[in-house]
Amino acid sequence: MPDNRKVNWGVLASGGIARKFAASAKTTQNAELVAVASRTPGKAKTFALENGVGKSYDSYEALLDDSTIDAVYVANTHNFHHQTVLLALNSSKAVLCEKPLAINAKQAAEMIDAARAKGVFLMEGMWTRFLPAVAQMRRWIAGGLIGKPRQLFASFGTNVPFAPDHRMLNPKLAGGALLDLGIYPLALASMVAGGKPPTLQHSICEIGETGVDVEDSLLLSYPCGLVAHLCCGIKSKYTNSATLCGETGSITLPPLFIGAQSVTLQTGNETITKEFPCEFLHGFRYEIEAASECILKGLTECDTIPLDETLELARTMDAFREEWGLRYDGE
């Protein structure tokens, strides 16, 4: 595939997260969204008209049969990720799948094994990992500007109005705070820890009336010496910020840290803040460009969010849910 061509993307599902992908794709240099599919008749056509997408399909299979499409973004609810990603991989399409990759590690391992067996690109859509502010954070850490990272404090949550059928409260959709929101601070901790799994993890969880986790407090320690104090929830207003404390300084991602447009380094009496303005709606731009670059180079995974790390994150979340006695349909 020539380096100067764009990756032709299709999107599977047509909800809000797919709209953010569509808006972000328009700002990229190496990607173009050319098709959308929905299993609800008429939704794909409406999405295409509203977002300037050329083709629409009323089934995922029809889009995957389109030989002009190089890659797909899986944007349905995460209880459907496993079957949708396997369908796309079996069609030899490169796949970027919205986080979490799957609802558990067993599913994630099957998806990863399938991608590797077929030699097809697969990446979890952890868009925060690719933001310029977070990339700057990694450079400061790698440069030793705060010494050895010791403590991470991060939270992400909001008060979701109670509605039993809301996707975040519905156990049939694998709802709950951990998989939808908690994965962000967990992924941040994993990034700081070099992708290694925690050696110890403890938690306090509130299970809500629909049977999913609604408030989670997580404590993890990692082989590198990092201790992470993380919170997520769908019943409280959170600061949604993150601070990493090291031996000689600290790094802070301000609210809303998952879409951080700045990052601050504090060392001794010196404070440095770097700004990276980007409209929140276009925040997927950086992960789309990274995935497209990998695909254009013929790579099968992205080293910024490796598949082995994605699998370890799934195992960590499995361990928390096992502790809480929280299982989803089909597990």
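Me: Which residue in S9 stands opposite Ser 203?
Reply: The model is a predicted one. Strand S8 (residues 200–207) and strand S9 (residues 213–221) run antiparallel and are joined by 8 bridges. Within this pairing, the residue of S9 that faces Ser 203 is Leu 218.

Me: In the hairpin of S8 and S9, which residue takes a positive phi?
Reply: The hairpin has 5 residues between the strands. Among the residues of this hairpin, a positive phi near 95° is found at Gly 211.

Me: How many disulfides does a search of the whole structure find?
Reply: The sulfur of Cys 205 has its closest cysteine sulfur in Cys 232, at 8.3 Å, which is too far for a bond. Cys 294 is likewise in no disulfide, as the nearest cysteine sulfur, that of Cys 302, is 4.0 Å away, whereas a disulfide requires the sulfur atoms to be within 2.5 Å. The number found in the whole structure is 0.

Me: Is Cys 294 buried or exposed?
Reply: The cut-off for a buried residue is a relative accessible area under 20%. Cys 294 has a relative accessibility of 8%, and therefore counts as buried.

Me: At roughly what angle do the axes of helix H1 and helix H2 cross?
Reply: Two packed helices are described by the distance between their axes and by the angle between them. The axes of H1 (residues 16–25) and H2 (residues 43–51) come within 11 Å, and the crossing is right-handed. The contact is made by Ala 18, Arg 19 and Ala 22 of H1 with Phe 47, Glu 50 and Asn 51 of H2. The angle is roughly 35°.

Me: What is the omega of the cis peptide bond that joins Lys 99 and Pro 100?
Reply: Pro 100 is found in the loop between strand S5 (94–98) and helix H5 (105–118). The bond joining Lys 99 to Pro 100 is cis, with an omega of about -15°.

Me: Where is the place of Ala 13, which has a positive phi although it is not a glycine?
Reply: The phi of Ala 13 is about 100°. Ala 13 is buried, with a relative accessible area of 10%. Its place is in the loop between strand S1 (7–12) and H1.

Me: Which residue just after H6 takes a positive phi?
Reply: Helix H6 (residues 132–142) has buried residues, including Met 137, Trp 140 and Ile 141. What covers the buried residues of H6 includes helix H7 (177–192) and strand S7 (149–157). Just after H6, a positive phi of about 75° is taken by Gly 144.

Note on methods: Residues numbered from 1 in each chain as written. Predicted model: local features only at pLDDT ≥ 70, side-chain atom pairs only at ≥ 80, totals over all residues. Heavy atoms only, no water. Buried < 20%, exposed > 50% of the residue type's maximum accessible area, 1.4 Å probe, protein only. Helix = DSSP H or I, 4+ residues; strand = E, 2+ residues; numbered from the N terminus. Contact = heavy atoms within 4.5 Å. Axes fitted to C-alpha atoms, helices over the stretch in contact; angles between N-to-C directions. Left-handed = near helix turned anticlockwise from the far one by under 90°. Pairing = 2+ DSSP bridges.
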